[in-house]
Amino acid sequence: MRRTRIFASIIAASTLILAGCGTADETATPAPGASGALTPIKLQLQWFYQAQFAGYIAAVDQGFYKEQGLDVELIEGGVDIVPQTVLAQGKADYAVAWVPKALASREQGAGITDVGQIFARSGTYQVAWADSGIKTAADLKGKKVGNWGFGNEFELFAGMTKAGIDPGKDVTLVQQQFDMQALLKKEIDAAQAMSYNEYAQLLEAKNPATGKLYTAADFSIIDWKTEGSSMLQDAVWANTEKLDDPAYQQQTVKFLTATIQGWAFCRDNAEKCRDLVIAKGSKLGKSHQLWQMNEVNKLIWPATGGIGVIDEAAWKQTVDISQTTKNQTGDSVLTKAPEGLAYTNDYINKAVEAAKTAGVDVNGTGFAPATVTLEEGGA
């Protein structure tokens, strides 16, 4: 009963707030849910199903999107899928993508706009053995440094550059697979890892010397947030041209409102969301997915200005690094500052207000991370 009342309140709040999104004429596309039928929506995810996308999975499963008049289909990502390109080509209505990669696509002509910065913080680490002497970016000089490439390397390169290291001369760069085997085998000195994924793989591995799992004490972490070279990551991107359509504007607010509900649900129900992700078909184990859910929540909560609201300082830092940092081939993410409507808080602000009015905690100031015990192999 309580949940039904909350849904009804959210819909009412959304309707009131959407009045500021524009007024469609008689020939315009009807607002989502206006005729009583659900509006079909396709959301392109950035990678395979995992807790990184739990909030969207929960919003579907818990009926949050349907309560907003939307029938949302989640499209799984993969190695060869570029979400922002799928969106720009009109094959999806929204997409989840890292900001630097999406901005690079914009510079190449993709008409997309960041309308919801779900991850407020970067989850990228560079991890080394605790006895390696590698504690900061400056310590990477002369070392074998693994990285994934494909646009994932710029926080690392910015951190090294800031520390006075020439990434093209002062380190040996090694193309790293999307796992931690090269570090575990000591083929490289430092490996790229996401806090919510690859780092956990280390703690799920058995130390052959002890027969027990490795612990955090066995490793040292370079956190790019601490080094000052972090960049914005998972965001919801919309079609820029379609944002001129009042119906799409309203749809975007409704989509973001339900998305906020989904992520708030996963903040408060981490184990339930872990189970939803596994039921969706993730190949990762239960303890790994719970770790990932917990770590992803840390990247979102607390959200001082409201979940999804873009912080201008963080945006500027991302853009500055994208323009000034060069990788080993001398390329930067961007050749100039983004033009046009690269981002807007207009729709997420309306969504935050709609959710808040209905009683959803949009800030999560009381969020406290859990302690997750990993099992061997993430089982």
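Is Asp 275 buried, partly exposed or exposed in this predicted model, and what is its relative accessibility? Asp 275 counts as partly exposed, because its relative accessibility is 36%.

**View 1. Arg 274 and Asp 275 form a salt bridge.** The side chains of these two residues, Arg 274 and Asp 275, meet with a distance of 2.6 Å from N to O. Arg 274 has a relative accessibility of 9% and therefore counts as buried, whereas Asp 275, at 36%, counts as partly exposed. This pair belongs to a model in which the count of salt bridges comes to 10.

**View 2. Lys 298 and Glu 295 meet in a salt bridge, and both residues lie in helix α12.** The N to O distance between the two side chains is 2.9 Å. Because Lys 298 and Glu 295 are three residues apart in helix α12, which spans residues 286–300, they are separated by about one helical turn. Lys 298 is partly exposed, with a relative accessible area of 32%, while Glu 295 is buried, with a relative accessible area of 8%.

**View 3. Ser 287, also a residue of helix α12, reaches the backbone of Gly 378.** The side chain of Ser 287 comes to 3.1 Å from the backbone oxygen of Gly 378, and Ser 287 counts as buried, at 7% relative accessibility. Leaving aside residues up to four places away in sequence, Ser 287 touches Val 372, Thr 373, Leu 374, Glu 375, Gly 378 and Ala 379.

**View 4. Lys 336 forms a salt bridge with Glu 339.** The closest N and O atoms of this pair are 3.4 Å apart. Lys 336, at 40% relative accessibility, counts as partly exposed, and Glu 339, with a relative accessible area of 53%, is exposed.

**View 5. Strand β5 pairs with strand β8 and with strand β9.** Strand β5 covers residues 124–129, and six of its six residues are buried, so the strand is largely enclosed by the rest of the structure. Five bridges join β5 to β8, which comprises residues 190–194, and these two strands run antiparallel; within this pairing, Thr 124 stands opposite Met 194. With β9, formed by residues 219–223, β5 also pairs in the antiparallel sense, over five bridges, and here Ala 128 has Ser 220 as its bridge partner.

**View 6. Glu 198 is buried yet has no salt bridge.** With residues up to four places away in sequence not counted, Glu 198 touches Trp 148, Phe 178, Asp 179, Met 180, Gln 192 and Ala 193.

**View 7. An annotated domain covers residues 51–270.** The annotation comes from an unreviewed UniProt entry, where it reads "domain: SsuA/THI5-like". Over these residues, 51–270, the chain is 34% helix and 21% strand, and the end C-alpha atoms are 9 Å apart.

Terms used:
Residues numbered from 1 in each chain as written. Predicted model: local features only at pLDDT ≥ 70, side-chain atom pairs only at ≥ 80, totals over all residues. Heavy atoms only, no water. Buried < 20%, exposed > 50% of the residue type's maximum accessible area, 1.4 Å probe, protein only. Lys, Arg positive; Asp, Glu negative; His and termini not counted. Salt bridge = Lys/Arg side-chain N within 4 Å of Asp/Glu carboxyl O. Contact = heavy atoms within 4.5 Å. UniProt positions renumbered as here; feature names shortened; annotations may be inferred. Helix = DSSP H or I, 4+ residues; strand = E, 2+ residues; numbered from the N terminus. Pairing = 2+ DSSP bridges. Polar contact = N/O pair within 3.5 Å; in protein donor to acceptor, adjacent residues only side chain to side chain.
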